[in-house]
Amino acid sequence: MKRLGDGAVHLFMAVWGVLVAFPLVWAVISSLKTDEQILTSPWSLPDRPHLENWSRAWDQASIGQYFLNSLVVVGGALALTMLLGSLVAYALARYSFPGNRFLYYLFVSGMLFPMFLALVPLFFVVKQLGLLGSYPGLILVYTAYALPFTVFFLTGFFRTLPNEVAESAALDGCSHTGIFFRVMLPMAKPGLISVGIFNFLGLWNQYLLPLVLNPDPSKYVLAQGLAALSVSQGYRGDFSGLFAGLTIAMLPVLVVYLVFQRRIRSGLTVGAVR
């Protein structure tokens, strides 16, 4: 019975994996076909790889510009989130002061607040600051969006690090800043990598925030660009270019997952035990 149960679980996971992977593989294969092959033979392999679809999507459909915009916004937001989040999490995890628990739960509550309820006031705040449709505006909003999860994740991880190392560094004359950057932060590298991966995946696929706060077409991020591309290419019947743009958008996420898949799995339990 145990073997039968294990076999059923493995069968279910295999079927689930096929259902998830099949649309991705089909989109990649379709990006290498002509429009005629996509419409007449949607399930067949391409006669040859039509890489001109990718170059057309990159240049003519502005996917290259959208890709670079996403790199700037997500890269800046990720760096700022990791810096601020690690500083706040370290202070909450290692120092006892009045309001410590209140601040911690305040950050945690940010994970529970529905984002769409804040879109209208957030729009007016960003507009009043003169940051609407700008890279700094999106970077700051992305940072605020990712900060609650980062603080929650890293606070639990910093609590697992040994106090003896920090105390030894303090006895050797190291300042609080030096202890954090030279001792504790390198020890927290596994947690930083894990939360960085989660933040990258979440911010790269973000669509709602840039849709509201980034009306300038020249500064569209990749999710906005793909939405605009699906409309324009759909009217033009350029399905091969649409699939090529979709594949280009998927590649960074797939690469990050394939390279850091062990970190992603271990990140689900990192900091959970002391």
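The crossing of helix 4 and helix 7 is right-handed, a crossing being called right-handed if the near helix is turned clockwise from the far one by less than a right angle, and left-handed if anticlockwise. By class, the contact of helix 4 with helix 7 has 21 nonpolar, 9 polar and 1 charged residues, where Ala, Val, Leu, Ile, Met, Phe, Trp, Tyr, Cys and Pro count as nonpolar, Asp, Glu, Lys and Arg as charged, and the others, Gly among them, as polar. The axes of helix 4 (residues 63–94) and helix 7 come within 6 Å and cross at roughly 40°; therefore helix 4 is oblique to helix 7.

This is a predicted model, in which local features need pLDDT of at least 70 and side-chain atom pairs count only at pLDDT 80 or more, while totals for chains, interfaces and linings use all residues. Residues are numbered from 1 along each chain as its sequence is written, and side-chain values use heavy atoms, with hydrogens and water left out.

The protein has 14 helices and 0 strands, helices being DSSP runs (H or I) of at least four residues and strands runs (E) of at least two, numbered from the N terminus. Its C-alpha trace spans about 75 × 65 × 35 Å along the principal axes.

According to the unreviewed UniProt entry, the annotation "transmembrane region" covers, among others, residues 102–126 and 138–158. These two spans are set out below.

| Span | Helix | Strand | Distance between end C-alpha atoms |
|---|---|---|---|
| Residues 102–126 | 76% helix | 0% strand | 27 Å |
| Residues 138–158 | 100% helix | 0% strand | 29 Å |

The largest pocket has a volume of about 370 Å³; a pocket is an open set of points on a 1 Å grid where a 1.4 Å probe fits, with protein on both sides within 12 Å along at least five of seven lines, and lining residues have an atom within 4 Å of a point. Helix 5 (100–112) and helix 7 (135–158) are the elements that give two or more residues to this lining, and helix 7 supplies the largest share, 5 residues. Among the lining residues are Met 111, Phe 113, Tyr 145, Phe 149 and Leu 209, and by class the lining has 11 nonpolar, 1 polar and no charged residues.

How values were computed
Grid points are joined across faces, edges and corners, and a volume is the space filled by probe spheres set on the points. Axes are lines fitted to C-alpha atoms, for helices over the stretch in contact, and angles run from 0 to 180 degrees between N-to-C directions. Angles under 35 degrees count as roughly parallel, over 145 as roughly antiparallel, 65 to 115 as roughly perpendicular and the rest as oblique. UniProt positions are given in the numbering used here, feature names are shortened, and annotations may be inferred rather than shown by experiment.
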